[in-house]
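Have the viewer open as you read.

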Amino acid sequence: MSAPATDLPLLLLAAAAEVTDAIHAGVTAAGFTDLRPAHGFAFVRMAPVGATVGEIADHLGVTKQAASQLVEELVTKGYAVRNPHPRDARARLITLTDRGWAVTRAAEAAANGFAQRWASILGPQAVGETRDRLARVVTPGRVRPALW
């Protein structure tokens, strides 16, 4: 058996940074120049049915105050809207606008382009195997920005 790949955590972090950069570049190239990568992580939580500020805060690993500021920015820029919550009269459900969904589609296209680039370098089978192996060890849904 070979020695453990002690640099694996650093390579995974570098890969995550490259994915984030590629998606952000794709979103910017699509004309959405007023967003930061952190906004995209909030979009992930708001799609498909919306989320409360508290749920967005939990997803991003930030305070409710920080999430509220981010939501305010997205609402002001026309990417999200506050709606009455269907089950909690005190809460607001934050959902994506048509503009927010357009950003989401641009981000998905950029993510697909990133995967295609990896497949052209490593081969489709290797990328599929890597994906399947990572799916066995990572927790789904833990998509949020690095906070350090």
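## Helix packing at a glance

In helix 3, the buried residues are G54, I56, A57, H59 and L60. Keep in mind that this is a predicted model. Those buried residues of helix 3 pack against helix 2, helix 4 and strand 2 (92–96). Just after helix 3 comes G61, with a positive phi of about 70°.

Now for the helix pairs. Two packed helices are described by the angle between their axes and the distance between the axes. Here are two such pairs:

| Pair | Residues | Angle | Axis distance |
|---|---|---|---|
| Helix 1 and helix 5 | 8–29 and 98–122 | about 130° | 8 Å |
| Helix 3 and helix 4 | 53–60 and 64–76 | about 110° | 8 Å |

Let's take helix 3 and helix 4. With an angle of about 110°, and 65 to 115 degrees counting as roughly perpendicular, helix 3 and helix 4 are therefore roughly perpendicular to each other. On the helix 3 side, V53, G54, I56, A57 and L60 do the touching, and they meet K64, A67, S68, L70 and V71 of helix 4. Sorted by class, this contact of helix 3 with helix 4 has seven nonpolar, two polar and one charged residues.

What about helix 1 and helix 5? Their angle is about 130°, so helix 1 and helix 5 are oblique to each other. The crossing of helix 1 and helix 5 is right-handed. Helix 1 contributes A15, E18, V19, A22, I23, G26 and V27 to the contact, while helix 5 brings V103, A106, A107, A110, A111, F114, R117 and W118. By class, the residues in this contact of helix 1 with helix 5 come out as twelve nonpolar, one polar and two charged.

Is H39 buried or exposed? H39 sits in helix 2 (residues 37–46), and its relative accessible area is 0%, so H39 is buried. Setting aside neighbours within four places in sequence, H39 is in contact with D34, L70, E73, L74 and K77. One of these, L70, also belongs to the helix 4 side of the contact with helix 3.

Q116 is in helix 5. Its relative accessibility is 57%, and because exposed means over 50%, Q116 counts as exposed.

Key. Residues numbered from 1 in each chain as written. Predicted model: local features only at pLDDT ≥ 70, side-chain atom pairs only at ≥ 80, totals over all residues. Heavy atoms only, no water. Axes fitted to C-alpha atoms, helices over the stretch in contact; angles between N-to-C directions. Helix = DSSP H or I, 4+ residues; strand = E, 2+ residues; numbered from the N terminus. Parallel < 35°, antiparallel > 145°, perpendicular 65-115°, else oblique. Left-handed = near helix turned anticlockwise from the far one by under 90°. Contact = heavy atoms within 4.5 Å. Nonpolar A, V, L, I, M, F, W, Y, C, P; charged D, E, K, R; others polar. Buried < 20%, exposed > 50% of the residue type's maximum accessible area, 1.4 Å probe, protein only.
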